[in-house]
Amino acid sequence: MATDRQAAESKPLRIAQITDTHLYSDPGGELLGLNTRRSLEQVIDLVMSARQPDLVVSSGDLTHDGSPQAYQQVRDCFRRIGVPVYSLPGNHDEVVTLNDCMNSNPFLCVRSARINSWQMLFLDSTVTGSDGGYLRKAELDALDTELASYPDLPTLIWLHHQPVPLGSRWLDSMAVDNPQAFFDITDRHSQVRAILWGHVHQSFEQQRNGVQLLAAPSTCIQFQPGSEEFAVHLVPPGYRWLELYPDGSLETGVERLQKIPGEINQDARGY
Ligand SMILES: [Fe+2]
């Protein structure tokens, strides 16, 4: 029988990826007819009832309008979970405002974190004035340096834009523009266990060179997988959970609300 100490040492670090919340300065703000704050509140209820996490990662598009008031809405919602919240920017965020608003306890905007026996690295893949992604040299250099500094720590890499195509033409036109430069680095460091992003408003799981590539649903509207053009997918919002074990292994999955919390305008041609 396992002792208490053995049980404690094998206890996983639990993470909830709660992404693309798209909140507005007005708590009544709607995206394609869906109240994004109410939808986030319901996903947070699910997170807290299903599996209380040790920390949250909010992987971009925290707000839709980039206003300080919208970030205050995000803070009000996330604070209820009572754990640290790590944020990185998406194409709908204002990077400076996000860093100002989401960087005091329990909120963190950092490049790296070492927690238990794991490392997490956070990249800014945003391009001012564009919905697409790009990893600037400073981001790539920092990534390489952090990975070289802690070769023995199993590592998750977080960013907003997808570094691989999903097979959805309109979304793939807004992916990371220079993925080879990124993978040239990650391929040199065998401790990378997973690369995770938001942006695509759908679940995605693939393996590349033994590294898990993972995306999560949005907490509001979902995009149709494999669609050539912008198309809404009428499935409920959700989040991705991860359990990171001391031996470097991880488990992950997606949980969703039972139903969409509102009426979505299906005829929309964009968002
Ligand atoms: Fe988004």
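## Briefing: a chain of helices and strands

Leaving aside neighbours within four places in sequence, Gly-198 is in contact with Thr-19, Asp-20, Ser-59, Gly-60, Asp-61, Gly-90, His-160 and Ala-216. This is a predicted model, and the chain that holds these residues has seven helices and 16 strands. The radius of gyration of the chain is 18 Å, close to the 18 Å that the globule rule gives for 271 residues, so the chain is as compact as a globular protein of that length.

**The chain as a whole**

- Taken along the principal axes, the box that the C-alpha atoms of the chain fill is roughly 50 × 40 × 35 Å.
- Of the 271 residues in the chain, 41% are buried.
- Among contacts in the chain with a separation of 6 or more, 68% are between residues 24 or more positions apart.

- Gly-198 lies in the loop between β10 (192-197) and β11.
- Gly-198 is buried because 29 other C-beta atoms lie within 10 Å, where the cut-off for a buried residue is 20 or more.
- Gly-198 and Gly-167 are 31 residues apart in sequence, and their C-alpha atoms are 16 Å apart in space.

**Pairing at the β7 end**

- β7 and β8 are antiparallel and pair over four bridges, with Ala-113 standing opposite Met-120 in β8.
- The hairpin of β7 and β8 has two residues between the strands, and in this hairpin Asn-116 takes a positive phi near 50 degrees.
- Strand β8 (residues 118-122) runs parallel to strand β9 (residues 155-158), to which four bridges join it, and Leu-121 stands opposite Ile-157 in β9.

**Pairing at the β11 end**

- β10 pairs in the parallel sense with strand β12 (residues 211-215) over four bridges, and Trp-197 has Ala-215 in β12 as its bridge partner.
- β11 and β12 run antiparallel and are joined by five bridges, with Arg-208 opposite Val-211 in β12.
- In the hairpin of β11 and β12, which also has two residues between the strands, Asn-209 takes a positive phi near 50 degrees.

**The nonpolar core**

- In soluble globular proteins, nonpolar side chains tend to be buried together.
- The largest nonpolar core of this chain has 62 residues, and those with the most contacts inside it are Leu-123, Ile-157 and Trp-158.
- Not counting residues up to four places away in sequence, Ile-157 touches Leu-121, Leu-123, Thr-186, Val-192 and Ile-195.

**Helix α2**

- Helix α2 (residues 36-50) has 15 residues and, at 1.5 Å a residue, should span 21 Å, which agrees with the 21 Å between its end C-alpha atoms.
- The buried residues of α2 are Thr-36, Arg-37, Ser-39, Leu-40, Val-43, Ile-44, Leu-46 and Val-47.
- The elements that cover these buried residues include β1 (13-17), β2 (30-31), β3 (34-35), α3 (68-79), β15 (238-244) and β16 (250-256).

Key:
Residues are numbered from 1 along each chain as its sequence is written. This is a predicted model: local features need pLDDT of at least 70, side-chain atom pairs count only at pLDDT 80 or more; totals for chains, interfaces and linings use all residues. The expected span of a helix is 1.5 Å times one less than its number of residues. A residue is buried if 20 or more other C-beta atoms lie within 10 Å of its own, exposed if 12 or fewer, and partly exposed in between; C-beta atoms are placed from the backbone. Two residues are in contact if their C-beta atoms, placed from the backbone, lie within 7 Å. A nonpolar core is a set of buried Ala, Val, Leu, Ile, Met, Phe, Trp, Tyr and Cys residues joined through C-beta atoms within 7 Å. The radius of gyration is taken over C-alpha atoms; the globule rule is 2.2 Å times the number of residues to the power 0.38. Two strands pair if DSSP finds at least two bridges between them.
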